[in-house]
Amino acid sequence: MGGETAAVRCYYCKSNFFFTKMASSQGGVGAVTALQSHHYSSGPHWSPGVSQFQHQQQQHHTARSLDRALDDAVCSGILNLSGRKLREYPGMSYDLTDTTQADLSKNRLTEIPPEVCLFAPLESLNLYHNCIKCIPEAIINLQMLTYLDISRNLLSVLPKYLFNLPLKVLLVSNNKLVSIPEEIGKAKELMELDVSCNEIQVLPTQVGRLQALRELNIRKNCLHMLPEELADLPLIRLDFSCNKITEIPPAYRKLRQLQHIILDNNPMQSPPAQICLKGKVHIFKYLNIQACRMDKKPDTLDLPSLGKRCLPHMEDFYPSKNHGPDSGIGSDNGDKRLSTTEVSKKQKINQIPFLTKKKKKALLLEDSNVMMSLLISLQNIESRLKVLLPDDVGAALMDGVVLCHLANHICPRSVASIHVPSPAVPKLSMAKCRRNVENFLDACKKLGVPQDKLCLPHHILEERGLVKVGVTVQALLDLPALKPTQLSAV
C-alpha cells in the first residue's frame, strides 16, 4: 500500500514539511499527526496520563504544606489555614489547644469546628468567606476572644450568648441577618461593629450602651431610622449609607468625636440632600438649628444647665443689714471706713467663681454699683438663656454667640444671622466673631439701648472691657417689653 507525498505549512513557525498521504480517509489524521510531531517534537505534549500525574503531585504538595502549617501552629500558637478549600477541620491529630490566633478564612466550612471552640487562650478567630450557618453555643468557652470575623457566611441570626464574650471587634457583614439581639448591650468592650450588607430592619436601642464603640458600620441594610441613643457614644466613624433612612436625629450633634459620617444613597429629608452633600460641618450646623427649633426655644444654646453652679447672692456681696461695729459704716474715721470696705470688697470679689485674676483686679478699681450691675447682668444671661457660662466669661462672650442669642431672646430675629461653632470647627474665626459682635451691637441700637451705655466691639473681642459689656447687657435687659407693632418695626 503506497501513498502520496504532500506538503503542509506550519501556522506557528511558517515552515513547510512533508508527510505521506495514505488513504483519503486518513489524510487529515496524518496531517495532524505530522503537525504535532513537528511543533512539539522538542518537548512532551498533553495527554490524560500526564495530567493525572500532575494532579496527584499537586495533591501531595498540598497535603505536605497543610502538615507543615499544622506543625508550625503547634510551635507558634498561630494557626493559618486560609484559602485551602477545606470542608472539614484537618487538625484532629494535633495538639493546638495553646493557639491564640486562628485563620480559617476562605474555605468551605459549614460550621465552626468544635475543636476550635476548645482553644481556651484564643484571642483572634477569622472565619471570613465560608459557608457557616450558625454559631455554636460552645463558643462561650473562648473567654479570651476579642476579635471575631465571620463575614461573608450564611448566618441568619446572632445568638445571645455571643455577647458574653469580651469582644472588641465583631465583623458579621455579608450574611443574612434580619435583626440584632438586644443582648448586644452587654458587649461593653466592643470598639468596632460591622453588620453591613445584611437585611437588618431595626437597630436596637441597646447599641447605645456600647460605651467603648468607635466604629459602627450598618451600611446596606433595610434600616428606616437611627436610634437617638447612638448620640451618647464616642463614635469616630459612622457609616449608614445605602439604607432607607430619611432623618438624622438632632441629638447626633453631640457626637463631638465623630470624624467620618457616610450617609450616601439614603432618601434624606432632614438634613436635605443638598446639605448632606456639603459634608459633616454643614450637617452638624443643621442639626444644631433643628435642636433649637424642637425645644421651641430658638435661641437656646447647647451648653450645660444652670443648675450645676449657683452664683453668690448679691446681698452676700453688699450686706445692707446687721453691720457690726467694726464694719466702718457710720464711723467718723474715713480712712478706716475705706480700708474696711476695700477689704470686704476684695473678699467678695474673690468668691466670684467665673472671674480670672486679671478681671478680679480690674473690678477692684471699679465702682461698687458698676460691679453689682456686672454680676446681675451675668446672672441674667445665664437665667434667661438657660446656660452655664464657663469660668472665663470674657472668652465665652468674645465670639458674640451668647450675646446674639440674648438679643434674640429679648426680641426674636433681631439678629438675623448668627455664626455658631460646630463639633468639626469648635472655634470661630476672628472675622465671624466680629460679625456676631457687630450684629449684637446693631440690634442693641435698634432696640433702644442708649448710646452712652453701648460698649465698643473691641471691649468684647479683646476682653478689655468686661464691665462695659455688663453695662450694655444690663441696659438691654432693662428695656421695656416691646409691643407687636414695635417688634415688626424692628
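I looked up Cys 242 first. Cys 242 has a relative accessible area of 22%, so I log it as partly exposed. The cut-off for buried is under 20%. This is a predicted model. Cys 242 sits in the loop that links S10 and S11. Its phi is near 60°, a positive value in a residue other than glycine.

I then checked Asn 265. Here too phi is near 60°, positive although the residue is not glycine. Asn 265 belongs to the loop between S11 and H3. With a relative accessible area of 56%, Asn 265 is exposed.

**A cis bond**

I turned to Pro 271, in the loop between strand S11 (260-262) and helix H3 (273-276). The peptide bond joining Ser 270 and Pro 271 is cis, with omega about 0°. I note for context that most residues other than glycine have a negative phi, and most peptide bonds are trans.

**Charges**

How many salt bridges does the structure hold? I find one. Arg 434 pairs with Glu 438, and their closest N and O atoms are 4.0 Å apart. Both partners lie in helix H11 (residues 430-447), four residues apart, about one turn of the helix.

Glu 228, Glu 229, Asp 232 and Glu 247 gather in a patch of negative charge on the surface. I placed one of them, Asp 232, in the loop between strand S9 (215-217) and strand S10 (237-239).

Is H10 largely enclosed or open? Eight of its ten residues are buried, so I call H10 largely enclosed by the rest of the structure. The buried residues include Val 401, Leu 403, Cys 404, His 405 and Asn 408.

Cys 411 lies in the loop between helix H10 (401-410) and H11. Its relative accessibility is 2%, so I mark Cys 411 as buried. I took the C-alpha distance from Cys 411 to Leu 447: 8.0 Å in space, for 36 residues apart in sequence.

**H13**

Last, I checked helix H13 (residues 466-477). H13 has twelve residues and spans 16 Å from its first C-alpha to its last, close to the 16 Å expected at 1.5 Å a residue. Ten of the twelve residues are buried, so H13 is largely enclosed by the rest of the structure. Among the buried ones I list Leu 466, Val 469, Gly 470, Thr 472, Gln 474 and Leu 477.

Terms used
Residues numbered from 1 in each chain as written. Predicted model: local features only at pLDDT ≥ 70, side-chain atom pairs only at ≥ 80, totals over all residues. Heavy atoms only, no water. Helix = DSSP H or I, 4+ residues; strand = E, 2+ residues; numbered from the N terminus. Expected span 1.5 Å × (residues − 1). Buried < 20%, exposed > 50% of the residue type's maximum accessible area, 1.4 Å probe, protein only. Patch = residues over 30% accessible without salt bridge, like charges linked within 9 Å, V, L, I, M, F, W, Y side chains within 5 Å. Areas by Shrake-Rupley, 256 points an atom, 1.4 Å probe, with all protein chains shown as cover. Salt bridge = Lys/Arg side-chain N within 4 Å of Asp/Glu carboxyl O. Lys, Arg positive; Asp, Glu negative; His and termini not counted. Charge placed at Lys NZ, Arg CZ, Asp CG, Glu CD.
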